[in-house]
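Please look over the sequence and the structure shown here. A walk through some of the main features follows.

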Amino acid sequence: MIRTTVVGNYPKISSDKNVPNLRNALNQFDQKKISREKLEEVYKATIVRVLKEQEEAGIDIITDGQIRWDDLVTPFAKNIEGCEINGLLRFFDNNVYYRKPVIKSRMVFKDYTTLEEYKFAKANSSKKLKVVLPGPLTWAKLSLDEYYNDLKTLVTDFSQILRKEVQKLDQEGVEYIQFDEPSLCNFPQEIGLVKESLRIITSGLKTKSILFLYFGSIRNLTSGLFDMPVDIIGIDLVSKPENLDVILKADVKKEVILGCLDARNTKMEDEKEILQLIDKVSKNIPPDKIYISPSCGLEFLPHENALKKIKLLSSIATKFNS
């Protein structure tokens with residue numbers, strides 16, 4: 001039986017005009033027209049809506065949509081001593097931007113980034129939850145290093161910070177922790193560094209750990225990707241369809257997430273084609289080790305399209321399992 005999940009972020013603004021609008025609330029807060037308490041109410045209402053939409057769509061493993069996150073790196077940058085936040089830069093080849101962390105001195109853990117977010121999501125959902133964190137290589141590559149001048153030391157220090165975060169989440173009973181590592185596709189020569197960093201981060205955890213790669217090819221990663229010290233590997237099959245051939249030919253013992261719905265295109269997939277894709281993979285990997293998901297976070301889509309995609313995902317899984 002295959003299962004469904006999402007990758008991480010989800011549209012913050014609903015197509016339903018009757019629900020609280022987070023963008024409007026943030027603008028009003030910036031103009032001092034509403035209080036921080038009122039803004040917090042809108043944040044919570046938005047997160048509850050996002051959790052409920054995934055549950056009602058039938059997704060097995062959900063996230064809080066990273067509603068409080070402006071991008072993948074800024075939330076952690078705010079909680080690390082030795083790190084400042086600079087101007088906006090383009091996030092890979094997307095029409096969205098992130099604030100570039102600038103590393104000024106040795107990085108030291110300051111506070112937990114996702115702990116309270118997880119607790120709130122857990123209290124407001126009935127499904128298994130996944131916390132999504134930046135992978136150490138991606139975080140380093142998206143930063144401006146003015147201190148270390150050595151990628152390995154930078155990645156190792158950030159791994160120790162992630163270790164503190166995931167240990168606390170593990171103690172709280174998080175079911176899944178995912179590390180988004182799209183930069184590994186662009187820097188396959190760093191696969192050994194990523195493997196060692198994940199060993200630091202995930203050693204001894206009870207929670208299931210996930211490494212998710214998107215926006216790139218895994219063709220140059222096959223020598224070590226499926227031996228990573230994580231439980232599940234997530235792969236984008238949309239940006240690089242060639243990744244499917246890699247999975248079909250690889251000796252895969254781990255669970256895999258097939259990112260098979262295009263999270264950057266409003267066009268809906270043909271259900272039969274996705275079912276055929278899953279059928280192919282299930283010849284190499286048992287169905288109970290397969291999850292299906294969008295190719296990356298759904299925040300790139302308008303809300304109504306994102307909602308249609310997760311409903312389609314659930315429908316495909318139901319048909320395959322029947």
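**Rings, strands and loops**

Phe-215 is buried, with a relative accessible area of 13%; buried means under 20% relative accessible area, exposed means over 50%, and partly exposed is in between, using a 1.4 Å probe and protein chains only. The model is predicted, so local features need pLDDT of at least 70 and side-chain atom pairs count only at pLDDT 80 or more, while totals for chains, interfaces and linings use all residues. Residues are numbered from 1 along each chain as its sequence is written, and side-chain values use heavy atoms, with hydrogens and water left out.

The aromatic rings come next. A search of the whole structure finds 12 aromatic pairs. Rings of Phe, Tyr and Trp (its six-membered ring) pair if their centres lie within 6.5 Å; planes under 30 degrees apart count as stacked, over 60 as edge-to-face and the rest as tilted. Phe-91 lies in the loop between β3 and β4, and Phe-215 in the loop between β8 (208-213) and β9 (232-236), so the pair ties together parts that are 124 residues apart in sequence. Helices (H or I, at least four residues) and strands (E, at least two) are DSSP runs, numbered from the N terminus. For Phe-91, the relative accessible area is 10%, and the residue is buried. Ring pairs link Phe-91 and Phe-215 with Phe-92, Tyr-98, Phe-212, Tyr-214 and Phe-300 into a cluster.

Phe-92 lies in the loop between β3 (80-90) and β4 (97-109). These two strands form a hairpin with 6 residues between them, and Phe-92 in the turn has a positive phi of about 50°, although Phe-92 is not a glycine. Most residues other than glycine have a negative phi. β3 and β4 run antiparallel and are joined by 8 bridges; two strands pair if DSSP finds at least two bridges between them. Within this pairing, Glu-84 stands opposite Val-102 in β4. Val-102 also stands opposite Leu-144 in β6. β6 (residues 144-145) runs parallel to β4, and 2 bridges join them.

Lys-32 lies in the loop between α1 (22-30) and α2 (36-57), and is exposed, with a relative accessible area of 75%.

Two charged side chains sit over rings. A charge counts as over a ring if NZ of Lys or CZ of Arg is within 6 Å of the ring centre and within 35 degrees of the ring normal. Arg-68 lies over the face of Tyr-43, 4.8 Å from the ring centre. The charged end of Lys-141 is over the ring of Phe-187, at 3.9 Å from its centre.

Ser-314 belongs to helix α11 (residues 303-321) and is buried, with a relative accessible area of 11%. Leaving aside residues up to four places away in sequence, Ser-314 touches Thr-4, Ala-57 and Gly-58, where contact means heavy atoms within 4.5 Å. Ser-314 and Glu-84 are 230 residues apart along the chain, and their C-alpha atoms are separated by 41 Å.
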